[in-house]
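Please read them with the coordinates open.

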Amino acid sequence: MEVLDITREHCPMTFVKTKLRLSKMKRGERVEILLCEGEPLDNVPKSVTEQGDKVIGIAHLKSGIHSVVIEKC
Amino acid sequence: MADKKKKLSLVVFSGDFDKLVAAFTLASGAAAVNYEVNLFFTFWGLNAVKKAKGHRFTGKGFLARVFGFLMGGRKNAPLSRMNFGGMSPRLMTGMMKQRNVATLDELVEASIALGARFYACEMSMVILGLTLGDFIPEVKEVMGVAKFLELSQDGETLFI
């Protein structure tokens, strides 16, 4: 599974990079997004779900960093 | 019936660096969360989408060309406050890069990549002697108020 690290990004590039990555993926493919807590963690999974893709799981990796696995639908 | 796509339409009037950053931040962010995004560039805002990013003689007619040269393109966009002769936008771009915040050029590219639609104001183009060929290819259409109102109907509209 490919990994997209957006831990150094800020709004709106957190959404932009996630959306661009998902737009290049085929249905059923998964990507692991590494992001920071706060605004990215609150909003990236929500926006992905709203677009019709699936959040498979969210895990806390280390201080302030989370992993979100998304499946393209 | 499928849910109608949410829509954001921006009237980009200002050619100021900071206001353009705000406009393209909203545009790219909204496009990334699946909004239909329309940007209507008018007056100074047209400088942001000129093909020539620097000081070039653009437009038709002597005065229009001199005016076009003085205004310049996206690279010459002044800061709305404390511009310091054009030094501040460069300093701010440096600070944006240093702090890993998207620059104006990156925000414009992201807006384009995510399918935001660019339109140019017909009346402003006539005043400034500009033609569609003076703009980046992403500016697909020239339109007036009636068409823009039709386009922005049933969505959010912001004037920047």
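Predicted model: local features only at pLDDT ≥ 70, side-chain atom pairs only at ≥ 80, totals over all residues.

1. Helix packing in chain A. Two packed helices are described by the angle between their axes and the distance between the axes. Here the pair is α1(A), residues 13–23, and α2(A), residues 39–50. Their axes come within 10 Å and cross at roughly 35°. The crossing is right-handed. From α1(A), the contact uses Thr14(A), Phe15(A), Thr18(A) and Leu22(A). From α2(A), Glu39(A), Pro40(A), Asn43(A), Val44(A), Ser47(A) and Val48(A) take part.

2. Cover over α1(A). Which residues of α1(A) are buried? They are Met13(A), Thr14(A), Phe15(A), Val16(A), Thr18(A), Lys19(A) and Leu22(A).

3. Leu4(A). This residue lies in strand β1 of chain A. Its relative accessible area is 10%, so Leu4(A) is buried. Beyond its sequence neighbours up to four places away, Leu4(A) touches Lys17(A), Thr18(A), Arg21(A), Val31(A), Glu32(A), Ile33(A) and Leu34(A). Lys46(A) is 42 residues from Leu4(A) along the chain, and their C-alpha atoms are separated by 17 Å.

4. Leu104(B). Helix α4 of chain B holds this residue. Leu104(B) is buried, because its relative accessible area is 5%. Leaving aside neighbours within four places in sequence, its contacts are Phe17(B), Leu20(B), Val21(B), Phe24(B), Arg74(B) and Met96(B). Leu20(B) is 84 residues away along the chain. Even so, the two C-alpha atoms are separated by 7.3 Å.

5. Asp16(B). Look for it in the loop between β1 and α1 of chain B. Is Asp16(B) buried or exposed? It is buried, at 18% relative accessible area. The cut-off for buried is under 20%. Apart from residues up to four places away in sequence, Asp16(B) touches Ala77(B), Pro78(B) and Ser80(B).

6. Salt bridges in chain A. The count over all chains is eight salt bridges. One of them links Lys17(A) to Glu9(A), with the closest N and O atoms 2.9 Å apart. Lys17(A) is partly exposed at 33% relative accessibility, whereas Glu9(A) is buried at 16%. Another joins Glu71(A) and Arg30(A), whose closest N and O atoms are 2.8 Å apart. Glu71(A) lies in strand β4 and Arg30(A) in strand β2 of chain A, so this pair ties together parts that are 41 residues apart in sequence. Glu71(A) is buried, with 17% relative accessibility. Arg30(A) is partly exposed at 41%.

7. Salt bridges in chain B. Glu141(B) pairs with Lys147(B), and the closest N and O atoms are 2.7 Å apart. Glu141(B) has a relative accessible area of 30% and is partly exposed. Lys147(B), at 34%, is partly exposed too. Salt bridges with shared partners also join Lys53(B), Arg74(B) and Asp105(B) into one network.

8. Backbone geometry. Most residues other than glycine have a negative phi, and most peptide bonds are trans. Three places deserve a look on that account. The bond joining Cys11(A) and Pro12(A) is cis, with omega about 5°. Pro12(A) sits in the loop between β1 and α1 of chain A. Phe43(B) has a positive phi of about 45°. Phe43(B) belongs to the loop between β2 (36–41) and α2 (62–71) of chain B, and is partly exposed at 25% relative accessible area. Asp154(B) has a positive phi as well, near 65°. Its loop runs between α6 (145–152) and β5 (156–159) of chain B. Asp154(B) is exposed, at 64% relative accessibility.

9. Surface patch. Which residues of chain B form a nonpolar patch on the surface? They are Phe13(B), Trp44(B), Phe67(B) and Phe159(B), with about 410 Å² of accessible area together. Phe13(B) is in the loop between β1 (7–12) and α1 (17–32) of chain B. At 31% relative accessibility, Phe13(B) counts as partly exposed.

Methods: Residues numbered from 1 in each chain as written. Chains lettered and ligands numbered in written order. Heavy atoms only, no water. Patch = residues over 30% accessible without salt bridge, like charges linked within 9 Å, V, L, I, M, F, W, Y side chains within 5 Å. Areas by Shrake-Rupley, 256 points an atom, 1.4 Å probe, with all protein chains shown as cover. Salt bridge = Lys/Arg side-chain N within 4 Å of Asp/Glu carboxyl O. Helix = DSSP H or I, 4+ residues; strand = E, 2+ residues; numbered from the N terminus. Buried < 20%, exposed > 50% of the residue type's maximum accessible area, 1.4 Å probe, protein only. Axes fitted to C-alpha atoms, helices over the stretch in contact; angles between N-to-C directions. Left-handed = near helix turned anticlockwise from the far one by under 90°. Contact = heavy atoms within 4.5 Å.
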